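Please look over the chain below before reading on. The paragraphs that follow go through it part by part.

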Amino acid sequence: QRRVHGSGDPQAVFQKFFGIDNPFQQIGDFSTMQGTDHQFFSKEGARNKDPPKCAVIQVALPCTLEELQEGAFKTVTVDANIMDESAAVVRTEERKLEVQLAPGMLKGTLVRFEGKGTERHGWLTGDISVTIEEQPHPVYRRDGADLHTTFDITLEQALTGFPIEVTTLDKRKLNLFINEIVHPKFTKRVVGEGMPTPTGPGDLLISFTTAFPKYLTAEQQRELKRILNAK
């Protein structure tokens, strides 16, 4: 029977199996293992991951131009799935949320309610996101901080001047006199009568649509030419 005797030099044995003769020398480069599946070398691997969060419930809130100018409190109703006390049964609950509209708030603004949305066992409660929508106005059109409106006038008014009364969004009356000749590109700017902003209100821009007569007699045409060609 043969017996295998080991070498009496332990460093030689270590060198034979590991290719180095120093047992305390680092074998390989552990730094290259970061980002691999060897998570036992990473502190992050020892941490528990955060639970997932339920999806956001999105809802639109229509607002009038008057509400967006003055500011208001509005209530939005949202249906959300929630758990009962046992965390086993899910039911639908109607939730009413109060949204504060700041004066001059822009359409498309998002108002987020953290943790007011969907509930699910083992998940973080979701959020509710309310999108501010601007309803069409019968008189005014908004462009940023400015307001636009249009008046219908006659050709006589366009050439000779005329008074107009403008009712603002907050029901004030502005009495203006237009003494310029109103050409197709003419716009009357009223400074400071637009939407409020943190740096000051925008302006009110008034455009005009001129109605031309459908017919002129020969005498009217001659008289009009005489007036327009007069020096």
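Where is the place of Lys 171? Lys 171 sits in the loop between β8 (162-167) and β9 (173-178). Strands here are DSSP runs of E with at least two residues, helices are runs of H or I with at least four residues, and both are numbered from the N terminus.

This is a predicted model, in which local features need pLDDT of at least 70, side-chain atom pairs count only at pLDDT 80 or more, and totals for chains, interfaces and linings use all residues. Residues are numbered from 1 along each chain as its sequence is written, and side-chain values use heavy atoms, with hydrogens and water left out.

Lys 171 has a phi near 75 degrees, a positive value in a residue other than glycine. Most residues other than glycine have a negative phi. Lys 171 counts as exposed because its relative accessibility is 62%; exposed means over 50% relative accessible area, buried means under 20%, and partly exposed lies in between (1.4 Å probe, protein chains only).

The chain as a whole contains 4 helices and 11 strands. It has 231 residues, of which 26% count as buried. The chain exposes about 17,100 Å², with carbon and sulfur atoms supplying 52% of that area; the areas come from the Shrake-Rupley method with a 1.4 Å probe, and for residues only the protein chains shown count as cover. Among the contacts in the chain with a separation of 6 or more, 52% are between residues 24 or more positions apart, a contact being heavy atoms within 4.5 Å.

Leaving aside neighbours within four places in sequence, Val 99 is in contact with residues including Leu 61, Phe 73, Val 111, Phe 113, Val 130 and Ile 132.

Thr 149 is found in strand β7 (residues 146-154). Its relative accessible area is 6%, so Thr 149 is buried. A polar atom of its side chain lies 3.1 Å from the backbone oxygen of Val 139. Beyond neighbours within four places in sequence, Thr 149 touches Val 139, Tyr 140, Leu 204, Leu 205, Ile 206 and Ser 207.

Cys 54 counts as buried because its relative accessibility is 6%, and Cys 63 counts as buried because its value is 0%. With a disulfide taken as a pair of cysteine sulfur atoms within 2.5 Å, the count comes to 0 disulfides.

How values were computed:
Polar contact = N/O pair within 3.5 Å; in protein donor to acceptor, adjacent residues only side chain to side chain.
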